[in-house]
Amino acid sequence: MNRKVLVKSKCANYVDGMCVVRDIACPLVTPFEYNGHKFLCEEAKCEYFEKNVVGIDKVVEVKLFTYKHCNQCNKPFKPSSSASNYCSDNCRALARKKTHRKFNSKRQINHS
Ligand SMILES: [Zn+2]
């Protein structure tokens, strides 16, 4: 269970993926773009959600989130699932690039 599940089950403003107060797709469950910048759900902040949903459910929240350190930038983050090792898609992409580079350089050595 993560924040998205909490939003869907507990937030009174969440209706079918939409935030009825903002009249947009709820940014806590749907990544959104603004001025060319992509905001991940994990980065999105909702005052209503934090005050009224997390506030009530503090005990549950503490159990829900265990911090992990990002394999890429070493920043502590709340993994959305036990399988995620990176704080953001950005870091995941960077790590993937690194692996690719390693793979490519190995291949070049083998060829020469
Ligand atoms: Zn990171």
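## Terms and model

Buried means under 20% relative accessible area, exposed means over 50%, and partly exposed lies in between, with a 1.4 Å probe and protein chains only. Helices (H or I, at least four residues) and strands (E, at least two) are DSSP runs, numbered from the N terminus.

This is a predicted model, in which local features need pLDDT of at least 70 and side-chain atom pairs count only at pLDDT 80 or more, while totals for chains, interfaces and linings use all residues. Residues are numbered from 1 along each chain as its sequence is written, and side-chain values use heavy atoms, with hydrogens and water left out.

## The chain as a whole

The protein chain has four helices and seven strands. From the N terminus on, they run α-β-β-β-β-β-α-α-β-β-α.

The protein chain has 112 residues, and 28% of them count as buried. Contact means heavy atoms within 4.5 Å. Among contacts between residues at least 6 apart in sequence, 28% join residues at least 24 apart.

## The zinc site

Four cysteines coordinate the zinc ion through their SG atoms: Cys 70, Cys 73, Cys 87 and Cys 91. The distances are 2.3 to 2.4 Å. Donors are N, O and S atoms within 2.8 Å of the metal (3.2 Å for Na, K and Ca); water is not among the atoms, so sites may look incomplete. Along the chain, the donors of the zinc ion follow the spacing C-x2-C-x13-C-x3-C. Cys 87 and Cys 91 are both buried.

The site of the zinc ion is tetrahedral, with angles of 106 to 115 degrees among its four donor atoms. Four donors count as tetrahedral if all angles lie between 85 and 135 degrees. The ideal angle for four tetrahedral donors is 109.5 degrees.

## Helix α1 and its cap

Helix α1 spans residues 3-10. Its buried residues are Arg 3, Leu 6 and Val 7. They cover an arc of only 100 degrees around the axis, which puts them on the same side of α1. The arc is that of the directions from the helix axis to the C-beta atoms.

Asn 2 sits in the segment before α1. Asn 2 is buried, at a relative accessible area of 16%. Asn 2 caps the N-terminal end of α1, where a side-chain oxygen lies 3.0 Å from the backbone nitrogen of Lys 4. A polar contact is a pair of N or O atoms within 3.5 Å; within protein, one must be able to donate a hydrogen and the other to accept it, and residues adjacent in sequence count only if both atoms are side-chain atoms.

## Two sides of helix α2

Helix α2 covers residues 47-54, and Phe 49, Val 53 and Val 54 are buried in it. Seen down the axis of α2, the buried residues fall within an arc of 75 degrees, so they line one face of the helix. Glu 47 and Lys 51 are exposed on the other side of α2.

Ser 84 counts as buried at 9% relative accessibility. Leaving out residues up to four places away in sequence, Ser 84 touches Lys 68, Phe 77, Pro 79 and Arg 92.

Pro 79 has its place in the loop between β7 and α4. Pro 79 is buried, at 13% relative accessibility. Pro 79 and Asn 2 are 77 residues apart in sequence, yet their C-alpha atoms are 8.5 Å apart in space.

Most residues other than glycine have a negative phi. Asp 23 has a positive phi, near 65 degrees. Asp 23 lies in the loop between β2 (18-19) and β3. Asp 23 is exposed, at 63% relative accessible area. Asn 74 also has a positive phi, near 65 degrees. Asn 74 is in the loop between β6 (68-69) and β7. Its relative accessible area is 54%, so Asn 74 is exposed.

Ile 24 belongs to strand β3 (residues 24-25). Ile 24 counts as partly exposed at 37% relative accessibility. Not counting residues up to four places away in sequence, Ile 24 touches Met 18 and Cys 19.

Technical notes: Four donors count as tetrahedral if all angles lie between 85 and 135 degrees; four count as square planar and six as octahedral if opposite donors are over 155 degrees apart and all others between 65 and 115; anything else is irregular.
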